[in-house]
Amino acid sequence: MLVVGLTGGIGSGKSTAARRFEELGIAVIDADVIAREVVEPGKSGFNEVVAAFGDQVVGHDGKLDRAVLRSIIFADAEQKMRLEGILHPKIYAEILQQLDDVLTPYCIVVIPLLAESKRDYPLDRVLVVDLPEALQVARTTLRDRQTVNNIEDIIRSQASRKQRLAIADDVVENSGTPEELCKVIDALHQQYLQHAKSSA
């Protein structure tokens, strides 16, 4: 089975692209979804995060307070590495587990921080959704209702466009409309079906 890693910076359109692949009947495994699941109350990830960062990261509802945790790791690179050391092995193991269950001709694995990751994911191709940083900021500010400064801080904490493009086999330029993005994904879908057939 062909495995395609899908990545891109914040606000690039990864979710729209992934949703289109799903609409086309392709299995999508999303590292962000898994990241939320592995820290649900009762899971070992939740217990390890609380043990590492204290009760301050637990909200009134008994779940992780992501805003508090985010503020801690953005203020301290060491704490960020500490959190990643807890979560990344669990996310990686779950991705491998889910890949074993895929029945579609190819699979999309959404890994937002693929360019930053040191893990050797079993990917055959990497698809990067790309757009100019100014547009990234504008779209994310509108979507998340955060300040421009906050968004720019997040962008600075991620890999640069150049770093992401350096690992790409395929690039989708997403400066246009969602409909235009879906058309490009439809074309890629046909290419990936051919790749999957020829590598079977």
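Visitor: How do α3 and α5 cross?

Guide: In this predicted model, helix α3 (residues 44-53) and helix α5 (residues 77-100) have axes that come within 10 Å and cross at roughly 165 degrees. Because an angle over 145 degrees counts as roughly antiparallel, α3 and α5 are roughly antiparallel to each other.

Visitor: And is that crossing left-handed or right-handed?

Guide: The crossing in which α3 passes α5 is right-handed. On the α3 side the contact is made by S44, G45, E48, V49, A52 and F53, and on the α5 side by Q79, R82, L83, I86, L87 and K90.

Visitor: What does that contact look like by class?

Guide: The contact of α3 with α5 comprises 6 nonpolar, 3 polar and 3 charged residues.

Visitor: Let me pick L87 out of that list. Buried or exposed?

Guide: L87, which lies in helix α5, has a relative accessible area of 12% and is therefore buried, given that buried means under 20%.

Visitor: What does L87 touch, once residues up to four places away in sequence are not counted?

Guide: With those residues not counted, L87 touches V38, V39 and V49, and V49 is also one of the α3 residues that make the contact with α5. As for T141, it is 54 residues from L87 in sequence, and the two are 27 Å apart in space, C-alpha to C-alpha.

Visitor: Staying with α5, how does α4 cross it?

Guide: The axes of helix α4 (residues 66-75) and α5 come within 5 Å and cross at roughly 125 degrees, and α4 and α5 are therefore oblique to each other.

Visitor: Which residues meet there?

Guide: From α4 there are L69, I72, I73 and A75, and these meet A77, Q79, K80 and L83 in α5. Divided by class, the residues of this contact of α4 with α5 are 6 nonpolar, 1 polar and 1 charged. Q79 and L83 of α5 are also listed in the contact with α3.

Visitor: Changing topic, at what angle do α1 and α9 pack?

Guide: α1 and helix α9 (residues 178-199) pack at an angle of about 50 degrees, and their axes are 9 Å apart; α1 and α9 are therefore oblique to each other. Their crossing is right-handed. The contact is made by T16, A17, R20 and F21 of α1 together with P178, L181, C182, I185, D186 and Y192 of α9, and the residues of this contact of α1 with α9 divide into 7 nonpolar, 1 polar and 2 charged.

Visitor: Now the loops. Where is S12, and why does it count as buried?

Guide: S12 is found in the loop between β1 (2-7) and α1 (14-23), and it counts as buried because its relative accessibility is 1%.

Visitor: What does the S12 side chain reach?

Guide: The side chain of S12 reaches the backbone oxygen of G9 at 2.8 Å. Leaving aside neighbours within four places in sequence, S12 is in contact with V129, L131, R139 and N174.

Visitor: And where does A168 sit?

Guide: A168 is in the loop between α8 (161-166) and β5 (170-173). A168 has a relative accessibility of 22% and therefore counts as partly exposed.

Visitor: Which residues is A168 in contact with, its neighbours within four places in sequence left aside?

Guide: On that basis A168 is in contact with V126 and V128. L131, which is one of the residues in contact with S12, lies 37 residues from A168 along the chain, and the C-alpha atoms of A168 and L131 are separated by 14 Å.

Definitions and conventions:
Residues are numbered from 1 along each chain as its sequence is written. This is a predicted model: local features need pLDDT of at least 70, side-chain atom pairs count only at pLDDT 80 or more; totals for chains, interfaces and linings use all residues. Side-chain values use heavy atoms; hydrogens and water are left out. Axes are lines fitted to C-alpha atoms, for helices over the stretch in contact, and angles run from 0 to 180 degrees between N-to-C directions. Helices (H or I, at least four residues) and strands (E, at least two) are DSSP runs, numbered from the N terminus. Angles under 35 degrees count as roughly parallel, over 145 as roughly antiparallel, 65 to 115 as roughly perpendicular and the rest as oblique. A crossing is left-handed if the near helix is turned anticlockwise from the far one by less than a right angle, and right-handed if clockwise. Contact means heavy atoms within 4.5 Å. Ala, Val, Leu, Ile, Met, Phe, Trp, Tyr, Cys and Pro count as nonpolar, Asp, Glu, Lys and Arg as charged, and the others, Gly among them, as polar. Buried means under 20% relative accessible area, exposed over 50%, partly exposed in between (1.4 Å probe, protein chains only). A polar contact is a pair of N or O atoms within 3.5 Å; within protein, one must be able to donate a hydrogen and the other to accept it, and residues adjacent in sequence count only if both atoms are side-chain atoms.
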